[in-house]
Amino acid sequence: MTLEDALQQALNGLSFGALLFILAAGLSLIFGMMDVVNLAHGAFYMLGAYVALSVTRATGSFWAALVVAPLALAALGLLVEPLLLRRLRGRHLDQVLITIGLSLVIADFIRLRDDWGWGATVRSLPFPAGLDRSVAIAGSDYPTYRLFVIAFGAGLALLLYVLHRRTRIGALVRAGVGDAEMLSALGVDTDRLFTVTFAIGAGLAGLAGVVAAPVFGLQPGMDVDALIYSLIVVVVGGLGSLSGAVAGSAVVGPADTFGKVLVPQFALALIFAIMALVLLFRPTGLLGRVRIGR
Amino acid sequence: MSRSTRIRAAIVLAVWVALATFPEWSVAWESSRFAAGIIRQILIFAIFASSLNLLVGYAGLPSLGHAAFFGGGAYAAAIVAQRLGTDELLVSLGAAVAGAALLALVVGYLAVRAVGIFFLMLTLALAQMVFAIAFQATDLTGGSNGFSGVHRPVLLGIDFNAANDLYLLVCAVALLVALLLWRLATSSYGRALVGVRENERRMRALGYDTRTLKLSAFVLAGALAGVAGALSAYEFRFVSPNDVALGTSVAGFVMVLIGGAGTLVGPIVGAAVVLSIERVLPSQLPAQMVLGIVFIAFVVFARQGLVGAVRRAVRA
Amino acid sequence: MGKRNDAAAERGYRISRRAFLISSSAAALAACAPSTTGNAASSAAATTAAAAATAGPPLKLGQLLPFTKVYAELGNSMKRSTDLYLKLKGNKLANRPVTVIYEDEANDPQVGLAKTQKFIDQDKVDVMLGVVATPIAYAIRNAVDSAKMIYIDTNAGGNALTRTTNNCTPSCKSPYIFRTSFSSYQISEPIGEYMASKKGVKEVFTFVADYGFGTESQADFTTGFTKNGGKITGSLKAPLGSADFVPFVTQLKAQPTKDIYSFFSGADAVKYIQAWNQLGLPAAGYKMNGAGFLTEQDVLAVVKEQANGAITSLFWAVELDNPENKAFKDAYQKEYNLLPDVFAVQAWDGMQALDLALQATKGDTSDKQKLIAALEAVKFNSPRGAFEFDKDTHNPIQDMYMREVKTANGQTVNTISDKIGRVTDPGK
């Protein structure tokens with residue numbers, strides 16, 4: 001592999017990693033900060049992509065979809081959390097079962113709605129106008145959309161960091177994770193807080209759906225793939241922190257990319273091997289904070 | 001044995017006899033043959049789910065990679081039988097148990113260092129690596145096209161080729177596994193596992209080697225999953241990477257939860273529910289969606305799974 | 001925190017049982033609301049009742065197709081084609097009213113086998129058709145063979161299904177199994193020979209999906225290509241269902257051989273073609289070649305002009321100019337407002353072959369050997385051209401075409417650029 005090739009693959013790895021971060025951010029938020037196992041995360045991502053498809057078709061604007069889809073998924077999250085998850089705080093196995101059920105319902109619903117232009121047919125979201133060309137970088141052509149994705153991922157990370165550390169709601173979420181009972185005793189409506197947090201997580205999944213759709217496409221089974229990648233990123237990077245999601249995607253993205261081309265026989269197992277190694281030697285993840293209790 | 005236990009044992013035995021003779025007494029029913037096939041599959045997955053229940057329900061080890069031992073056992077049974085050119089039940093079943101147990105030993109040794117969510121993800125990761133091997137080692141496993149031409153076994157001259165004969169074999173093995181798990185659950189070993197689930201630190205303080213306990217449960221559960229895998233290889237005469245895939249692990253996990261983790265009959269009920277929806281429901285109905293709604297319903301309405309809900313209803 | 005959760009749980013759910021049942025039923029019903037993937041059995045049954053008056057005994061067909069998971073699109077396409085064929089025939093084959101039972105193979109050999117047993121034991125279908133995924137076809141081979149169930153494979157292209165093999169591994173032919181699709185040899189080897197001899201290509205780099213079908217296609221292409229003096233300079237494999245194809249295409253661009261031979265289908269093909277364009281391979285002089293599924297209509301519908309110039313080999317193209325294809329296309333478009341794809345053709349020919357065989361046996365499905373002989377003897381003009389079964393292997397003998405992707409009037413299609421000739425599978 002020449003230096004030029006390596007640079008190009010590094011760029012590939014970076015853009016893939018950025019997509020993984022956007023995808024995993026929502027899961028990390030819900031997982032790490034609410035201690036809720038949300039296995040419907042992939043389905044939320046999938047639904048976001050299909051909503052974006054419809055919105056783009058109706059309005060001709062990718063940017064409209066970028067706004068509508070996350071909002072739609074956040075609305076769904078506002079419904080789902082109190083209805084299905086509120087009573088299950090701390091009951092991980094029940095959360096697993098109910099979120100698996102929810103993801104099956106969502107994915108099959110999408111499959112059946114052929115008349116909405118969804119259905120089982122493989123579909124694609126076109127690049128937005130202005131980001132649909134390729135530019136010459138490192139000796140080859142590179143799609144500008146992928147560069148946009150890198151910038152978007154970085155921007156999102158920054159935004160989430162600011163929200164988490166510098167705003168009231170971020171402080172509330174941090175407090176709620178630390179000691180929900182105390183927070184409630186202080187007069188904060190922790191139920192509503194967690195509902196909002198879940199909705200944000202779902203919205204982030206929807207956002208990922210929009211941003212990733214032009215790259216990953218829309219097809220049956222995309223929810224499972226997305227969920228698995230998200231879980232790997234969150235585990236590798238560290239549960240319970242945004243920086244964990246960044247670290248995780250920064251590792252998994254390039255590792256997957258280089259792994260595919262350098263060791264194709266092991267490509268299938270490579271990222272799982274990485275996850276296993278991290279879990280064995282640094283179970284809280286590369287940047288994870290130590291969790292007390294479960 | 002107390003009186004209530006004896007009554008329960010009698011009921012179980014009566015049910016089992018009725019089940020085992022089902023092909024005979026239902027022969028007039030036009031769906032008899034098909035139903036018998038579905039029952040065989042339910043029993044096979046009941047064994048699989050029961051073995052996982054030992055981990056999830058009793059030892060408190062949520063494993064999302066159990067299919068590695070199910071499929072691993074299936075492949076072992078199929079490959080060894082073909083390589084050695086023999087259909088002897090004890091050989092292929094023995095290979096399945098040995099192969100699955102060995103695999104479980106390796107995986108478990110690595111996995112039991114972790115707890116809770118980490119254990120879950122680690123078992124998932126290790127199982128996916130097993131899947132990758134099954135998918136790519138085409139010369140050994142047939143690769144993505146699967147391993148075909150598996151023979152139904154022969155035991156000391158008795159041939160289990162016919163569907164009804166295999167049915168009896170599956171029923172017999174299911175009963176043996178159920179008895180084994182029942183003995184385990186009520187033994188001090190089973191209670192020790194529950195103790196580890198409830199409070200591992202206290203068990204350690206009491207002098208139990210909790211890591212060995214957990215590892216032994218993992219290997220035992222793996223071996224039993226391998227038994228189910230072997231039966232699956234006989235039933236379908238085919239093994240595919242699907243049998244070690246995440247979907248199968250999740251299916252088993254879900255069967256345990258629906259039926260009721262930590263009960264003996266729960267996994268059987270769970271297997272019956274999931275397989276009925278996936279394989280019997282008419283194709284016009286969206287099976288995956290029905291399955292999803294069933295899962296949601298169980299968590300909302302039946303916290304201890306179906307068995308727990310029935311128990312509560314009976315008591316009420 | 002633990003105590004509080006238990007207390008909350010004890011209070012129970014605020015959503016009542018009734019509310020849940022109503023809302024979930026509504027969700028399920030909303031999901032099942034009219035769509036093109038709806039219920040075939042009911043519509044077939046309705047016409048069956050009407051026609052029952054003067055016709056022969058009802059004919060039961062079992063169609064095992066994927067309606068969920070990754071190949072669901074193919075199942076839908078093949079169901080549309082089957083439904084259309086029956087509709088145009090007044091829902092009768094050889095004057096027998098037809099009921100089709102569709103079952104989902106769900107991309108799982110166990111499920112496929114369970115449903116096959118259902119066809120055999122429960123539904124007692126007269127003939128079975130379908131199966132998209134090759135592992136499932138291999139899995140059911142012995143079941144249909146021992147049950148003496150005539151099974152017409154309308155997609156699964158694994159070579160072994162119609163060949164004599166060692167120990168029937170991974171599978172082997174059966175007198176009861178016919179195929180109206182292709183063997184992967186047929187769509188991969190001839191293009192190899194053609195590129196080396198007719199087009200004078202000296203070197204090719206192969207890039208395929210890493211699973212049975214991709215590996216087989218690569219091997220058969222290599223045989224054909226090297227046989228006529230070509231040289232394979234290297235190969236690359238992508239895991240099936242890879243999320244990102246850009247790393248692979250970057251590799252392709254980093255190597256000097258300009259002619260690339262590929263096997264991909266569905267979503268993989270879409271991502272591959274998109275990456276191919278985004279990284280500027282056409283401008284750099286690279287040429288995409290492949291087995292037909294790389295650019296089939298399902299893929300072209302998504303990538304459109306990005307696939308322009310891709311050369312693939314297949315036994316059919318939507319632009320194939322013969323009267324049957326024209327009629328087929330028109331009928332399909334009129335009914336579904338969609339262009340048909342090759343899967344629809346395969347399903348169509350499955351029905352057509354069965355139809356003609358049944359006419360030859362005067363509707364008799366009880367004598368299996370007679371029906372087998374009748375199937376072996378069918379010869380008809382299919383949308384793909386002249387169709388017949390190889391009497392030895394039961395694989396189609398068909399014309400193989402070289403196709404090129406072109407976009408005109410806003411539609412991207414495969415146009416026929418050359419005819420390779422009549423191809424039959426070697427059977428061994």
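Mentor: Please keep in mind that the whole model is predicted. B:Leu90 belongs to helix H5 of chain B, which spans residues 89-111.

For helix H3 (residues 32-58) and helix H12 (residues 246-259) of chain B, the axes come within 8 Å and cross at roughly 75°. H3(B) and H12(B) are therefore roughly perpendicular to each other, since angles of 65 to 115 degrees fall in that class. From H3(B), the contact takes B:Phe45, B:Phe48, B:Ala49, B:Leu52, B:Asn53, B:Val56 and B:Gly57. H12(B) contributes B:Gly252, B:Phe253, B:Met255, B:Val256 and B:Gly259. Sorted by class, the contact between H3(B) and H12(B) has 8 nonpolar and 4 polar residues, and no charged ones.

Chain B in turn meets chain C. In that contact, 38 residues of chain C touch 28 residues of chain B. On the chain C side, the elements giving two or more residues are helix H2 (17-31), E3, helix H5 (109-123) and helix H6 (134-146). H5(C) gives the most, with 9 residues. The side of chain C that touches chain B comprises 19 nonpolar, 13 polar and 6 charged residues.

E3 leads us to a sheet in chain C. Strands of a sheet pair through backbone hydrogen bonds, either parallel or antiparallel. Here 6 strands form an open sheet in the order E2-E3-E1-E4-E5-E6, and the pairing is mixed. Strand E2 (92-93) and strand E6 (177-179) of chain C stand at the edges with a single partner strand each, so one side of each has no neighbour in the sheet. Strand E1 (residues 59-65) and strand E3 (residues 96-104) of chain C run parallel and are joined by 7 bridges. C:Lys60, for example, has C:Thr99 in E3(C) as its bridge partner. Helix H4 (residues 72-88) of chain C packs on this sheet and touches E1 and E3, with a direction at about 160° to that of E1(C).

Most residues other than glycine have a negative phi, and most peptide bonds are trans. C:Asn107 has a positive phi of about 55° although it is not a glycine, and C:Asn107 sits in the loop between E3 and H5 of chain C. C:Asn409 also has a positive phi, near 55°, and its place is the loop between strand E14 (396-408) and strand E15 (411-423) of chain C. The surroundings of these asparagines need to be stated separately. C:Asn107 is buried, because 22 other C-beta atoms lie within 10 Å, whereas C:Asn409 is exposed, because 5 do. A cis peptide bond, with omega of about -10°, joins C:Thr169 to C:Pro170. C:Pro170 lies in the loop between strand E5 (150-153) and E6 of chain C.

Chain C touches chain A as well. That contact takes 42 residues from chain C and 41 residues from chain A. Several elements of chain C give two or more residues to it, among them helix H1 (2-10), H2, H4 and helix H9 (246-254). H9(C) provides the largest share of the chain C side, 7 residues. By class, this side of chain C has 22 nonpolar, 12 polar and 8 charged residues.

Finally, consider chain A as a whole. Chain A has 11 helices and 2 strands, and from the N terminus its elements run α-α-α-α-β-β-α-α-α-α-α-α-α. A compact globule of 294 residues would have a radius of gyration near 19 Å, so the 19 Å of chain A agrees with that expectation. Along the principal axes, the C-alpha atoms of chain A fill a box of roughly 60 × 50 × 35 Å. Buried residues account for 60% of chain A. Of the contacts in chain A between residues at least 6 apart in sequence, 74% join residues at least 24 apart.

Technical notes. Residues are numbered from 1 along each chain as its sequence is written. Chains are lettered from A and ligands numbered from 1 in the order in which they are written. This is a predicted model: local features need pLDDT of at least 70, side-chain atom pairs count only at pLDDT 80 or more; totals for chains, interfaces and linings use all residues. Axes are lines fitted to C-alpha atoms, for helices over the stretch in contact, and angles run from 0 to 180 degrees between N-to-C directions. Helices (H or I, at least four residues) and strands (E, at least two) are DSSP runs, numbered from the N terminus. Angles under 35 degrees count as roughly parallel, over 145 as roughly antiparallel, 65 to 115 as roughly perpendicular and the rest as oblique. Two residues are in contact if their C-beta atoms, placed from the backbone, lie within 7 Å. Ala, Val, Leu, Ile, Met, Phe, Trp, Tyr, Cys and Pro count as nonpolar, Asp, Glu, Lys and Arg as charged, and the others, Gly among them, as polar. Two strands pair if DSSP finds at least two bridges between them. The radius of gyration is taken over C-alpha atoms; the globule rule is 2.2 Å times the number of residues to the power 0.38. A residue is buried if 20 or more other C-beta atoms lie within 10 Å of its own, exposed if 12 or fewer, and partly exposed in between; C-beta atoms are placed from the backbone.
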